[in-house]
Amino acid sequence: MKRIEVYIVIELLLEKVILMSNEEPILFFRELQNPREVSIFATLKAALDLVAKNKQPYLRLVLTDPSSKDIFVQIWSNDDIYAPVDMFLRKNLLQIGGPIHLIRLVYDGEYIGSAMKTKVDPIPTQHPIYRKYIELSNYRLLRIIPEDPKVLNEIRKLLKIQPLVEAILERLTDVGVAIYEQLFWEVTKLVCDKTYTGTIHLIMDQPQLQITPQYSSYFLKQLENLIIAFEHDLATERIAPIILIRRLQKDIISLFEFIKLHEKKD
């Protein structure tokens, strides 16, 4: 291989290393909070050729994140990355509905656009975050739980909801409610739904949260308030306990939300 060809190969490899080691790209658009330079790994939902008021053409990319939130990214015609839609897709090996990794975009707090230093990762499937992108996309579109032992082990921790389920059933028994099978399943479902961290969060390496004494106290206090509202009917009306549990389903915030709120206060 000639020396100049070696230099070209080395330069291309270095460029790829720079792209791969660039700031970890965001997967969720809710992370766009403060103006900054940002990299994004998302699904390319659409690409449109548009013309600005000053008659300059530009490209609008519509990106979708794992929670199905869309954003627009403007690719300006005076930046090196710009090309009309068909050429832009071809030269960057992109497909509508496939992954896109945009690097060094400019976020001004409201809009996202390209700059002279903006690049497209030509092989997004080689980025370390691609596996998570696929797992998140599969879950978003088809509700497929990843075959990842780490995620599955976290889901199994839901068995630890039993003490809170038993505390709720015990309190209902105290006020004369007979614990029939449907009521047992309603209570179990309620606690499970409210304490599951969420598959998307588990894919993103957040653990299944453990029920804290504070959350148990909050949960049981909400239960107590509704017991007061229904107390004369709970022991005599078969439907009353079910209505009570369904109301709790609406009124109680999840364990995940509860912990996040307390983290903000701290």
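In this predicted model, the buried residues of helix H10 pack against helix H6 (181-195), H7 and helix H8 (213-230). Helix H10 (255-265) also gives two or more residues to the lining of the largest pocket, as does helix H7 (199-203).

**Helix H10**

- The residues of H10 that are buried are Leu255, Phe256, Phe258 and Ile259.
- These residues line one face of the helix, because they fall within an arc of 165 degrees when H10 is seen down its axis.
- An α-helix has 3.6 residues a turn, so residues three or four places apart point the same way.
- Lys264 and Lys265 are exposed, and they are carried on the face of H10 turned away from its buried side.

**The largest pocket**

- The largest pocket holds about 220 Å³ of space.
- Its lining is formed by Phe28, Arg30, Glu31, Gln33, Ile200, His201, Met204, Gln206, Phe256 and Lys260.
- By class, four of these lining residues are nonpolar, three are polar and three are charged.

**Enclosed cavities**

- Rolling a probe the size of a water molecule over the atoms shows where empty space is left.
- Two cavities of 30 Å³ or more are found in the structure.
- The largest cavity, with a volume of about 50 Å³, is lined by residues including Lys157, Leu158, Thr195, Gln208 and Leu255.
- Five nonpolar, three polar and two charged residues make up the lining of the largest cavity.
- Helix H3 (130-142), helix H4 (149-156) and H7 each give two or more residues to the lining of the second largest cavity.
- Of the elements, H3 contributes the most to that lining, with three residues.
- The lining of the second largest cavity has six charged residues, three nonpolar residues and no polar ones.

**The protein as a whole**

- Ten helices and six strands are present in the protein.
- The protein is more spread out than a compact globule, because its radius of gyration of 26 Å is well over the 18 Å that the globule rule gives for 266 residues.
- The C-alpha trace spans about 85 × 50 × 35 Å along its principal axes.
- Of the 266 residues in the protein, 42% are buried.
- Among contacts between residues at least 6 apart in sequence, 63% join residues at least 24 apart.

How values were computed
Residues are numbered from 1 along each chain as its sequence is written. This is a predicted model: local features need pLDDT of at least 70, side-chain atom pairs count only at pLDDT 80 or more; totals for chains, interfaces and linings use all residues. Side-chain values use heavy atoms; hydrogens and water are left out. On a 1 Å grid over the protein atoms alone, a cavity is a set of points where a 1.4 Å probe fits but cannot get out, and a pocket is an open set with protein on both sides within 12 Å along at least five of seven lines; lining residues have an atom within 4 Å of a point. Grid points are joined across faces, edges and corners, and a volume is the space filled by probe spheres set on the points. Helices (H or I, at least four residues) and strands (E, at least two) are DSSP runs, numbered from the N terminus. Ala, Val, Leu, Ile, Met, Phe, Trp, Tyr, Cys and Pro count as nonpolar, Asp, Glu, Lys and Arg as charged, and the others, Gly among them, as polar. Buried means under 20% relative accessible area, exposed over 50%, partly exposed in between (1.4 Å probe, protein chains only). The arc is that of the directions from the helix axis to the C-beta atoms. Contact means heavy atoms within 4.5 Å. The radius of gyration is taken over C-alpha atoms; the globule rule is 2.2 Å times the number of residues to the power 0.38.
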